[in-house]
Amino acid sequence: MITTGEMQISGMLTMTVLSVMLVICAPGRSTRRISFAKARWMMAGGTGLIALQFLLQHAFGFRQMGVTQAVCCNLLFFTPSSLLCSMSILYMQRQGKVSWKEWLIGSSIYALSAGILIGTAVLDGVPFREESMALRIAEYVSSVLYVVMQTYIFSMQYKAYMRLETAVDEYYDRSRRDLFGWMGLSMKTMALMVFLVPLVIFMQGTPLVLFSISFFFIISYSTISLYTYGVSKDVERVEESIKEEGIVKSEKLATADESNEDSAAAANFSLFTIHSTLNRWIESGHYREHNLTLSIVARQMGVPQKQLQEWLRQSEYKKLAGLVSSLRIKEAQRVLIEHRDWSVESVADYCGFNDRKYFHQVFQQYTGTTPAKFQQNN
């Protein structure tokens with residue numbers, strides 16, 4: 001089993017490497033994305049603080065002194081590190097739109113936590129090398145404040161993530177969670193840590209070492225994923241969908257001052273137009289094209305994009321991905337029966353799916369069975 005000292009050295013080296021990667025390995029394109037440029041510095045600051053914390057733990061032997069001393073060091077460094085790492089993800093989710101009030105709330109909670117810890121350590125009259133009941137109570141309070149801070153940030157992350165999912169699903173022809181799925185996994189694992197950290201840091205031995213190893217993997221995954229996402233074209237795709245969503249909302253607000261009668265007439269006209277052109281669009285087979293977007297479909301149908309989006313929201317499909325997936329699965333069912341010599345990959349490609357795995361997932365979602373079983377039973 002890894003010793004505590006070896007774990008501390010490994011953690012320090014791992015976090016240092018991640019910090020250096022974020023600081024010096026970003027290509028030129030990152031400088032053109034202000035949100036990523038700032039987010040990577042936040043994440044680098046977070047991993048740097050963790051590295052410093054492990055260095056101090058190892059250099060001064062806080063774990064050898066006792067649990068209280070080690071926990072105090074953990075909370076003083078781990079809490080701001082979590083704040084920076086979590087806010088960096090939120091920064092990417094919102095394309096840099098994080099208000100100073102949101103920063104102030106998180107920072108204030110940490111300042112209160114640090115003040116309680118440092119104040120107690122200085123004023124309780126017990127040497128730091130000795131166990132102190134007052135400091136232990138202060139650490140319990142600080143742990144609760146840490147959970148409050150992270151819960152607050154997680155709630156903002158969750159809302160931002162759901163907005164991204166909605167915008168992307170409404171704009172693209174398929175669920176694009178693969179574009180930013182790492183955010184969801186990072187959020188969930190970090191949220192799990194939120195409730196484990198206050199418990200585990202008071203432990204010693206094997207539970208602490210196992211948690212530390214898991215922690216290294218979680219932070220490494222989040223850091224590398226943030227970097228990879230930030231320098232990829234996935235950012236542009238997600239930002240395009242967010243931008244289009246904003247344009248549609250702005251256009252709807254701009255027309256809100258029209259008379260009720262004119263608005264109703266315009267709405268009826270748009271619904272009639274979409275209904276009349278939808279069948280022609282389906283007959284043309286455009287829905288089988290790869291990488292459709294809301295703007296492309298609206299142009300193909302000859303209707304305004306905002307009206308198509310509104311029609312989709314009111315329909316059984318709810319979003320573009322729902323409409324296109326439904327049509328593609330119906331076509332796939334027909335092809336599977338009429339062309340039994342075709343491979344599943346060929347059917348998926350013909351119907352507009354980019355890969356077999358996603359085709360299987362959607363087919364089973366709509367039919368309750370796999371393409372192969374459907375073909376056997378029909």
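Predicted model: local features only at pLDDT ≥ 70, side-chain atom pairs only at ≥ 80, totals over all residues.
**Exercise 1. How much space lies in the second largest cavity, and which residues lie nearest its centre?**

Step 1. The second largest cavity holds about 70 Å³ of space. A cavity here is a set of points on a 1 Å grid over the protein atoms alone where a 1.4 Å probe fits but cannot get out, and lining residues have an atom within 4 Å of a point. Points are joined across faces, edges and corners, and the volume is the space filled by probe spheres set on them.

Residues are numbered from 1 along each chain as its sequence is written, and side-chain values use heavy atoms, leaving out hydrogens and water.

Step 2. At least two lining residues come from each of α4, α6, α7 (177-200) and α8. The largest share, five residues, is supplied by α4.

Step 3. Sort the lining by class: nine residues are nonpolar, four polar and none charged. Ala, Val, Leu, Ile, Met, Phe, Trp, Tyr, Cys and Pro count as nonpolar, Asp, Glu, Lys and Arg as charged, and the others, Gly among them, as polar.

**Exercise 2. Which elements give two or more residues to the lining of the largest cavity?**

Step 1. Start with the search of the whole structure, which finds five cavities of 30 Å³ or more. The largest has a volume of about 240 Å³.

Step 2. Its lining has 16 residues, and those nearest its centre are Gln53, Phe54, Asn74, Leu208 and Ser212.

Step 3. The elements asked for are α1, α2, α4 and α8 (206-230).

Step 4. For the lining of the largest cavity, the classes come to nine nonpolar, six polar and one charged.

**Exercise 3. Is α1 roughly parallel or antiparallel to α2, and to α8?**

Step 1. Take helix α1 (residues 4-24) with helix α2 (residues 34-60): the angle is about 155° and the axes are 8 Å apart. Axes are lines fitted to C-alpha atoms over the stretch in contact, with angles from 0 to 180 degrees between N-to-C directions.

Step 2. That angle makes α1 roughly antiparallel to α2. The rule is: under 35 degrees is roughly parallel, over 145 roughly antiparallel, 65 to 115 roughly perpendicular and the rest oblique.

Step 3. Find the contact (heavy atoms within 4.5 Å). Residues of α1 including Met12, Met15 and Leu22 meet residues of α2, among them Trp41, Ala44 and Phe54. By class, this contact has 14 nonpolar, nine polar and one charged.

Step 4. Now pair α1 with α8: the angle is about 5°, with axes 11 Å apart. That makes α1 roughly parallel to α8. Among the residues in this contact are Met7, Thr14 and Leu18 of α1, and Leu208, Phe216 and Tyr227 of α8. The α1 and α8 contact has ten nonpolar, six polar and no charged residues.

**Exercise 4. At what angle do α4 and α6 pack?**

Step 1. Helix α4 (residues 67-93) and helix α6 (residues 133-171) pack at about 10°, and their axes are 10 Å apart.

Step 2. That makes the two, α4 and α6, roughly parallel. Their contact comprises 17 nonpolar, nine polar and two charged residues.

**Exercise 5. Where are Gln95 and Lys318, and what is the phi of each?**

Step 1. Gln95 sits in the loop between α4 and α5 (100-123). Its phi is near 55°, a positive value in a residue other than glycine.

Step 2. Lys318 belongs to the loop between α12 (305-314) and α13 (320-338). Lys318, also not a glycine, has a positive phi of about 75°.

Note on methods
Helix = DSSP H or I, 4+ residues; strand = E, 2+ residues; numbered from the N terminus. 1 Å grid on protein atoms, 1.4 Å probe; cavity = no way out; pocket = protein on both sides within 12 Å on 5 of 7 lines; lining within 4 Å.
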